[in-house]
Amino acid sequence: MNSSALTEAVAAAQAAPLDRSVALIRPFLQDIGWLDALLDAECARIGADPLHLPAFRATRNGAARHLVFARTERIWVTVTIVDPIRDRGSRLHFSGRHALCRPLNRALAADRYRIDGGRAVATGSLLCPAGDLIELDERRETLRLRSGDVPLLMLRAQIAPQGAVVSRLFDIATGAPLAEAQADEGHARALMLLSLLRMQGRRDAADQFAAALEAELPAQRWAVMREYLALDTAAALPALQRMARIETEEKVRMLAERTLAQIAEARFPA
């Protein structure tokens, strides 16, 4: 097993159902010989050429630093270093992805939480020795890391389900939901293209806007509708009327009804 095998597994996992994607990536956290070999090779290159830069992306978010070995729309594989945490904050994050985590340098200690009845509830503690593997369905489970005396080094994989990913924030003290975000990179790219077509006045692309109205999430459907109306209000009107009648999400349906009323008032002022 080597880094080329990881690249092939990530490519296969990208198009597979969630369970199959997890099964394809899991072996690379159970047997990390590929990682040891890769790091040894890069260290040798740096030793031979002090100006050598490994071809890995590095990012930082607060106390966490990430070295990214694989990054696609659905699959992330990273080595993460979490510095000792003095203030763990007051919020819990549920990423909406399936997570695999293997602590490398010491045991991982954490408090476990689960979404139950729309609230985040504590479900106990976790102590995972170095070298063991943790799996979490972060659509409904999460961990709150406990601080240690030294940084925590982990190999991590996050695997998104197909379609949109919904991440959530909850208040630790009360368990109450604070915020929700929808992440769908495919839709984001599609919406950018629709925005470009709208800015170019491409009314001949109206069929593309109509097709995009079948997006999975309500907020996505409304974002497309706004672009469609801005491109060609008359062409979008039947779709807007249909949205006002049959949209399942009440907030979006009300927005469609309100927009219809505004269009009617602009056309036929009192």
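Me: What covers the buried residues of α4?
Reply: In this predicted model, the cover over the buried residues of α4 includes α1, α3 (27–30), β2, β3 and β10.

Me: Which residues of α4 are buried?
Reply: They are W34, L35, L38 and E42. Buried means under 20% relative accessible area.

Me: What makes the buried residues of α4 line one face of the helix?
Reply: Look down the axis of α4: the buried residues fall within an arc of 100 degrees, so they line one face. On the other side of α4 you will find D40, C43, G47 and A48, which are exposed.

Me: How does the span of α4 compare with the one expected at 1.5 Å a residue, and what is its length in residues?
Reply: Helix α4 (residues 33–48) has 16 residues. From its first C-alpha to its last it reaches 23 Å, close to the expected 22 Å.

Me: Why is R97 called buried?
Reply: The cut-off for buried is under 20% relative accessible area. R97 has 11%, so it counts as buried. Its place is in the loop between β4 (91–94) and β5 (98–103). Leaving aside neighbours within four places in sequence, its contacts include W76, D137, E138 and Q158.

Me: And why is R253 called partly exposed?
Reply: Partly exposed lies between under 20% for buried and over 50% for exposed. R253 has a relative accessible area of 24%, so it is partly exposed. You can find R253 in helix α9 (residues 250–267). Not counting residues up to four places away in sequence, R253 touches M243, A244, R245, E247 and T248.

Me: What makes β1 and β8 edge strands?
Reply: Six strands form an open sheet, in the order β1-β2-β3-β10-β5-β8, with antiparallel pairing. β1 (57–61) and β8 (134–137) each have a single partner strand, so one side of each is left without a neighbour in the sheet. Neighbouring strands of this sheet are turned by 25 degrees against each other on average, direction ignored.

Me: Which helix lies across β2 and β3, and which one touches β10?
Reply: Helix α1 (residues 3–14) lies across β2 and β3, running at about 120 degrees to β3. Helix α2 (residues 18–25) packs on the sheet, touching β3, β5, β8 and β10 (152–159). The direction of α2 makes about 145 degrees with that of β10.

Methods:
Residues are numbered from 1 along each chain as its sequence is written. This is a predicted model: local features need pLDDT of at least 70, side-chain atom pairs count only at pLDDT 80 or more; totals for chains, interfaces and linings use all residues. Side-chain values use heavy atoms; hydrogens and water are left out. Helices (H or I, at least four residues) and strands (E, at least two) are DSSP runs, numbered from the N terminus. Buried means under 20% relative accessible area, exposed over 50%, partly exposed in between (1.4 Å probe, protein chains only). Contact means heavy atoms within 4.5 Å. Two strands pair if DSSP finds at least two bridges between them. Axes are lines fitted to C-alpha atoms, for helices over the stretch in contact, and angles run from 0 to 180 degrees between N-to-C directions. The expected span of a helix is 1.5 Å times one less than its number of residues. The arc is that of the directions from the helix axis to the C-beta atoms.
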